[in-house]
Amino acid sequence: MTTTAADSASVPGSGQATSSAAPEPVDENVWLEEIYGEEQLAWVKEQNSRSEDLLEDADYASLEGSILEVLDSTDRIAMVGKRGDWYYNFWKDRHNPKGLWRRTTWESYCTDSPEWDVLLDVDELAAAEGQEWVFHGATFLRPGAGEPYRLALLALSPDGGDANRYREFDVESRTFVDPVQGGFDLPTAKGNVSWLDADTLLVSSTAEGLPKTASSYARTAVTLKRGARLAGAPLLFEVPEQHMMAVVAHDSTPGYERTFAVDYIDFFNRKNLVLRDGEWVQIDVPTDVNVSAHREWLLFRPQQDWVVDGNTYPAGSLLACGFEDYLAGARGLAVLFTPDARTSLQSWSWTRNFLLLNLLKDVSSEIRVLDPSGPADGPGGAWGSTLLDACPPLHDVNAYAVDDEDESASDGGAGDDFWLVATGFTTPTTLMRGTLERTTDATSGVVSRHAQVKASPSFFADGDYEVQQHFAVSDDGTRVPYFQVAPRNLPLDGQNPTQLSGYGGFEVSRTPAYSGTVGRAWLERRTSMPAGADGDAPHSRGGVYVVANIRGGGEYGPAWHRAALQENRHKAYQDFAAVARDLMSRGVTSRERLGCVGGSNGGLLVGNMLTRYPELFGAVSCGVPLLDMRRYTRLSAGHSWIAEYGDPDVPEQWEYIRTFSPYHLLKDGVEYPETFIWTATSDDRVGPVQARKMAARMLAMGIPNVWFHEALEGGHAGASDNRQAAALQARSQHFLWKALAGGLG
């Protein structure tokens, strides 16, 4: 199992009680907050038609087709997960837009044309049931010793949102287990499900009247027996309403069977508990220390410096202790990783006998293998540490276990096998499989053997481009890294159409990654440029793609993230603006040729570029965004992000939140960039409301060249199949290209 350093689920937030709420600014667009209202959807359709008239020309149709060709390519790597003797994959293409859940053997997977055993055709299911199902994964029941994996709970979303219906599925008969015969079938809701045994589930859900937190997630967890209803199931765990959510899960690892609960207080604080003799026992750590259990080990990653028995362990370090020892009061912690100014821990994964650490050093990957039984003289501190030689510069490489419980060699490997996935901006993704072994000589280390299994095709002339890393200097002197992908011998005359992308929040890192879509839609697009000041003849050129690693992200660990929290949010925006200025000062681009793009929290980022730094950008593409920071806690899952942004209902916090609330920063008489705001009706995480209101206010102010589009399905990702994804990406890319290279006209 791979454990990430920062949880990727949208599971944040606790509010602060206050006796006097901040005054509510005038909001003429509250009426647009009724997501499915007839009048509101009529407004959406009117704006959609206006944007489609602008964007969906002949060039757009060609671009959309080119992007869809990438997404539907049958040459893509079919990534797999191993369960028992089978390798499972979920696959979408032109013929299967909703996807196939399927499996194959290792021998077949290694061939150029694997033979797939199709378990579920989601397109056929949707047609048969009259529901636009979106597949969100499967959770298997651990079988008895010597038995095959057979039963799984499938998560199916009716519209691509975060709410799922969980249905029991038999992979041998390839059918859902009939609820009339006792099959599990949980109503659509936000929540989590875990198998306790063949006839019992542990369920966190908001269905059937079960209580919600203020963040719209499950407040309780129940024990559900086969044939019973959620509404009457015995309560197992509960959290306060103002906390983010409750999660309960059972670890069924043989010999280490345990049931855990997590009380998510907010995005960065949680209480971890284990069930002992019918009572919940809290694991004694500060709430901002992430805890991970694996067999006999407990791992700890503090978000802030942690003092234990007089020893200070820095934020972002990784520590270990025996599980039972720690619960019994032992506090002798083994130091597995200590961050430095350039290096951070991103994730970790256990094989049978080793621990894989995925690190970033100045946003390039480094992988270390730790051996709990090894000597204590390596960089791992208390455990032996070996550098895995598999990471070229300016690339993203991740290692994770194939199946840490595999004790056989029937498929050519065992529990110390690992996957290695490598990618770069101009390097198509490759999938390798390796094996870790202890050396038998005097070196006392770990050796790895790995070989390529699959490789993605090239979707653009990637050899014509080069990747560079540069550092901009932010307002407070902080060096901010960014990647630049551009044609070789790029003319530094300020005339290159440049797309600047960023995120800067929730400790999420932006790392190098191959994108056939960006390659085709941006790097290889061509436009005629006028003669330069030096008398050069008019010529054709493509675009430059830039990714900024601003504060608020996780590129340099928790400290990099915390530097832009709440009242310091402006530092993330100063960093992004510094990168924009650096691109101009280096001659890469100019204001009229520079655009920015971001989604979700990245939508808030570019919304602040629009309103706080309009002089730096010629165009802004703002997707599924947060924009109204006065009311964001009352919309969709917004309450869960208070720990990141602050609570606007607390007057003292609203004073700083209002300085980065784009909806409230719009002013008359400002020359704003060309603006495209896009969202999805079925997004139940951020929701479409904030995007609607921002566009409506800008239009009412008479700000020219403001465009809005709302996909009627697709959830927070904005797309539930490749066709929708291609349309979404094509609109954003085509808008930026027309605005920066051709003129919207």
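How many bridges join strand 20 to strand 23, and do the two run parallel or antiparallel?

A: The model is predicted, and local features need pLDDT of at least 70, side-chain atom pairs count only at pLDDT 80 or more, and totals for chains, interfaces and linings use all residues. Residues are numbered from 1 along each chain as its sequence is written, and side-chain values use heavy atoms, with hydrogens and water left out.

Strand 20 is joined to strand 23 (residues 318-322) by 4 bridges, and the two run antiparallel. Strands here are DSSP runs (E, at least two residues), and helices are likewise DSSP runs (H or I, at least four residues), both numbered from the N terminus. Two strands pair if DSSP finds at least two bridges between them. Within this pairing, Leu-299 has Ala-320 in strand 23 as its bridge partner.

Strand 20 (residues 297-302) is also joined to strand 19, by 6 bridges, and these strands too run antiparallel. Here Ala-293 has Leu-298 in strand 20 as its bridge partner. Strand 19 and strand 20 form a hairpin with 2 residues between them. In the turn, Arg-295 has a positive phi of about 50°.

These pairings belong to an open sheet of 4 strands, in the order 19-20-23-24, with antiparallel pairing. Strand 19 (289-294) and strand 24 (334-337) stand at the edges, each with a single partner strand, so one side of each has no neighbour in the sheet. From one strand to the next, the twist averages 30°; axes are lines fitted to C-alpha atoms, for helices over the stretch in contact, and angles run from 0 to 180 degrees between N-to-C directions.

Strand 20 is mostly covered, with 6 of its 6 residues buried, where buried means under 20% relative accessible area, exposed means over 50%, and partly exposed lies in between (1.4 Å probe, protein chains only). In a regular strand the side chains alternate between the two faces of the sheet. Both faces of strand 20 are covered. Trp-297, Leu-299 and Arg-301 are buried on one side, while Leu-298, Phe-300 and Pro-302 are buried on the other.
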